[in-house]
Amino acid sequence: MSSVRIILSSLVLSLAVPFGGTAAMGAEPSASSGTEATAPHVWLNGPFGTVLGADPAAPAGAAPAGAPLDTWIRGAPLLLGTELASGDALDVSVVSTPLDGHGRPEQLSVGDTEFSGPDTTGLNVITATVRTDPYGTSEHAWLVVVPDRESDPGLLFDIPGPRVRLLSDAGSVDGEQGHGCYVYMCREVGYRPPETALDALPMGAGETPSIEIDDGSAMVGWKGTLEPLHDTLIEPILAEETFADAPRVTTKLTGREPTVAGEWLLERLVEYDRDGGWQWFLYRLIAE
Amino acid sequence: MEGNTDVRIHRIARMAAAASLLLALLPGAAAATEESPVSLPRCGEVSQATVHNGVVVAPWRVVLDQEGAVTGHRLTLRHDGADTTLRTGRRGFSISVGADRVAIGEHRGDGTRLTMVDTRRACRVWTRTMERLVYPERERVDDGALRFTTHDPDTRRYEGTLLVNLETGASDGLIDGECIEACTPNDGDISLTAFEPAGVARPTPSFSGGGWPKDKALPFRWRSGGVPPTWARPPMKAAAADARRTSASRSPRFTYAADATNAVAYTGNPPSYCGGSAIACAGRSLPTYWGIWLRPHGTDYAWGTLRWCQKASSSGGCFDMRRVMLHELGHITGLTHPSTAGFTLAASDSVMQGITPMRPQSGSSRHAFGRCDVATLQELYDSTDNKTAISTCNDVATKLMLTISKAAVGRGGPVKLTAQLRVANWNAYRQLAGNPLKGRSVKLKYRRVGSDDWRIAWMKSLYSSGRYELTISPQATWEFKAVFPAPSTEGLRYSRSGIVKVRVKS
């Protein structure tokens with residue numbers, strides 16, 4: 001069969017990647033080639049999600065928009081993953097180098113794909129040297145920022161999910177969170193709140209709203225429903241959009257405008273990049 | 001946010017009723033002409049001169065009846081002052097393909113009809129009918145093909161991902177899997193044995209990378225500062241036992257232990273992500289740590305007051321804490337919400353729905369993992385043993401081999417026939433791959449050489465290694481094959497062995 005493709009995530013080493021979807025191959029910059037032209041993809045998973053490695057000469061390239069990856073605590077649990085089949089030999093060495101010139105390089109792991117992140121607060125470059133039978137040796141790097149927080153795995157559960165704002169010409173409003181999973185946590189809701197409990201976003205009838213993530217992460221897709229709250233003649237508008245190859249921090253909801261004046265309800269599921277998870281949000285619009 | 005369905009349905013019903021009344025009163029508000037996509041002219045029969053400019057494709061609309069129930073869908077093509085409205089029944093769907101194509105599908109009882117419409121010329125490029133239920137995938141268009149997941153029409157079992165050529169409608173192949181036989185040409189007759197189903201996108205999905213080691217003991221204590229009240233502890237502990245009892249797999253074992261590291265809290269001060277409207281949360285940091293938080297009875301939300309059934313004095317309008325706790329333990333184990341992958345499952349199929357049902361809604365008091373939860377757990381952690389039933393929410397290929405102790409014997413000489421039954425050794429089945437299957441029913445079919453008259457005997461399951469035996473005393477030369485019929489009680493596929501011959505020497 002000509003079109004058969006094996007999804008790489010089914011072949012990854014049996015890594016215990018916390019909450020998230022399948023590895024977003026291609027959603028991040030390519031890994032460095034090291035000494036081989038065909039180096040394996042290598043990704044790092046931690047409180048910042050799952051991110052492919054960058055060239056050690058430009059480690060900021062691993063993160064969207066070059067922002068350092070937030071480890072949330074000192075000594076955060078990190079996992080290194082590759083696209084190799086489980087039977088392939090893999091040898092790894094991971095070093096962290098502080099960028100402020102004060103700390104000393106820290107050996108994070110020799111041979112183990114599960115290890116603790118840097119203890120030195122501030123900006124660090126994590127460099128993984130990976131040697132495999134089929135590919136030879138290659139290097140992969142990530143720029144991380146280590147906050148001055150205790151090295152306590154329990155603190156990982158205090159990572160707040162990003163706020164997802166809805167914007168119009170008249171202002172913006174944060175979405176009411178529904179159920180979802182984000183990095184290490186999943187949340188359940190009972191009922192959804194009554195519409196009157198939601199902050200309303202004013203906008204013009206026919207105006208195209210936008211959505212925006214506020215914490216530097218990005219979305220790879222969304223789907224949702226826009227429906228009028230009181231106008232009985234207008235049917236709900238169902239829509240969805242994916243952009244896994246080019247995650248976005250903000251996007252216009254073109255074609256999903258409130259068509260007439262009145263109150264509207266927008267329910268949206270946002271899927272985050274870096275295998276960060278997904279989340280339902282609820283918004284109230286007042287079109288004038 | 002799919003909550004408070006009742007309120008929403010009533011509101012929609014009121015809207016629909018009012019809409020119907022208004023339409024009836026408006027002069028000249030005659031319904032627009034609507035047609036099925038397949039009634040469009042074939043594009044080959046439409047002149048290029050009929051290409052319309054300024055085509056607008058109105059959004060795909062849901063049509064509701066007066067009770068607020070979906071009765072169908074509409075898509076309107078607006079061009080040159082004329083409207084062409086296409087309609088489907090209530091199980092329709094549409095997929096936008098570039099600027100001037102839209103694929104319109106409709107599920108029927110036993111399959112799916114799909115039509116590719118050229119919106120600029122208002123004609124159909126192709127129409128095809130498939131004998132499976134196919135659903136658009138999230139990333140729907142891929143390298144000149146539409147992507148669908150395919151499901152058995154009767155059992156709704158997930159079968160794999162299908163690629164349909166945008167230009168011809170032919171099946172180009174299957175991804176996530178490996179064709180055993182050629183997949184092309186394949187005009188929609190997808191043989192169940194033709195491909196290996198994917199290890200991803202299960203109805204109850206799992207977090208990528210899996211979970212804990214098999215049979216891992218994951219004890220928990222009450223979190224300091226969040227110790228549950230006396231009435232709340234039994235349902236929490238009972239849920240831990242439910243997870244153990246109903247996973248049919250080697251998933252983690254949850255038990256209460258006062259000195260455990262992992263903690264369960266009953267608290268009004270949960271972690272940040274669990275604030276706001278959440279009634280419960282679960283968090284895990286593999287491979288070391290997990291926690292669960294449940295909000296207290298009486299917590300006030302914008303929608304009302306949280307009432308746990310174990311505390312509430314009435315039997316309705318409350319959440320079953322034992323059920324909610326089982327759901328959270330499902331997250332710790334590695335399960336996510338079915339809606340993540342676009343699935344809406346019956347209450348009996350999963351306890352992992354994102355919206356917690358309130359008593360007396362269906363599933364609100366369910367204290368067991370559903371069959372689709374179990375299917376995922378078995379792939380993540382392996383089935384409990386070789387005799388444990390494979391969940392009917394799965395669809396697992398089997399392999400059957402037949403060997404004989406002697407190829408030639410004297411008349412009446414004993415010959416031992418041994419069949420070996422296993423799960424196919426494919427990566428997609430993860431922990432189940434290659435497992436021996438014990439205690440199933442394996443038939444031995446036999447016939448005289450040159451005859452088509454197969455007779456049947458049953459083989460005995462003897463060993464945990466999935467071996468089935470039968471000793472015979474042949475009076476003549478016979479041919480034999482072993483057959484494993486697909487059982488209705490398990491998610492296992494039919495398989496048969498090759499034919500072997502036992503020759504009786506004269």
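Met203(A) has Ala287(A) as its bridge partner in strand β20 of chain A. Met203(A) brings in strand β14 (residues 200–203) of chain A, which runs parallel to β20(A) and is joined to it by four bridges.

Two other strands also pair with β20(A). Strand β12 (residues 176–182) of chain A lies antiparallel, over five bridges. There, Tyr182(A) is partnered with Gly277(A). Strand β19 (residues 262–272) of chain A is antiparallel too, with 10 bridges to β20(A). Trp264(A) stands opposite Leu285(A) in this part of the model. β19(A) and β20(A) make a hairpin, with four residues between them. In the turn, Arg274(A) has a positive phi of about 55 degrees.

Strand β6 (residues 106–110) of chain A has the highest confidence, at 95, while strand β17 (residues 237–242) of chain A has the lowest, at a mean of 78. Residues 1–37 of chain A stay under 50, though the model has 128 contacts for them beyond four places in sequence. Where pLDDT is low, the predicted coordinates should not be read in detail.

Chain A also holds a network of salt bridges. Its members are Arg163(A), Arg165(A), Asp174(A), Glu212(A) and Asp214(A). Over all chains, the salt bridges number 24.

Now turn to chain B and its helix α4, residues 371–381. Of its 11 residues, 10 are buried, so this helix is largely enclosed by the rest of the structure. The buried residues include Cys372(B), Asp373(B), Glu379(B) and Tyr381(B). Their cover includes α2 (233–246) and α3 (321–333) of chain B.

Asp382(B) follows α4(B), with a positive phi near 85 degrees. What does the side chain of Asp382(B) meet in a salt bridge? The partner is Lys214(B), at 3.4 Å from N to O. The pair links distant parts of the chain, 168 residues apart. Lys214(B) sits in the loop between β13 (171–175) and β14 (220–222) of chain B, and Asp382(B) in the loop between α4 and β20 (398–404) of chain B. Asp382(B) has 10% relative accessibility, under the 20% limit, so it counts as buried. Lys214(B), at 33%, counts as partly exposed.

Arg440(B) and Glu490(B) form another salt bridge, at 2.7 Å from N to O. Arg440(B) is buried at 7% relative accessibility. Glu490(B) is buried at 8%.

Glu469(B) and Arg467(B) make a further salt bridge, with their closest N and O atoms 3.5 Å apart. Glu469(B) is buried at 10%, whereas Arg467(B) is partly exposed at 29%.

One last stop is His107(B), in strand β7 (residues 101–108) of chain B. His107(B) counts as buried, at 8% relative accessibility. Its side chain reaches the backbone oxygen of Val134(B) at 2.5 Å. Beyond its neighbours within four places in sequence, His107(B) contacts residues including Arg91(B), Phe93(B), Leu133(B) and Tyr135(B).

Notes
Residues numbered from 1 in each chain as written. Chains lettered and ligands numbered in written order. Predicted model: local features only at pLDDT ≥ 70, side-chain atom pairs only at ≥ 80, totals over all residues. Heavy atoms only, no water. pLDDT = per-residue confidence, 0-100. Contact = heavy atoms within 4.5 Å. Buried < 20%, exposed > 50% of the residue type's maximum accessible area, 1.4 Å probe, protein only. Pairing = 2+ DSSP bridges. Polar contact = N/O pair within 3.5 Å; in protein donor to acceptor, adjacent residues only side chain to side chain. Salt bridge = Lys/Arg side-chain N within 4 Å of Asp/Glu carboxyl O.
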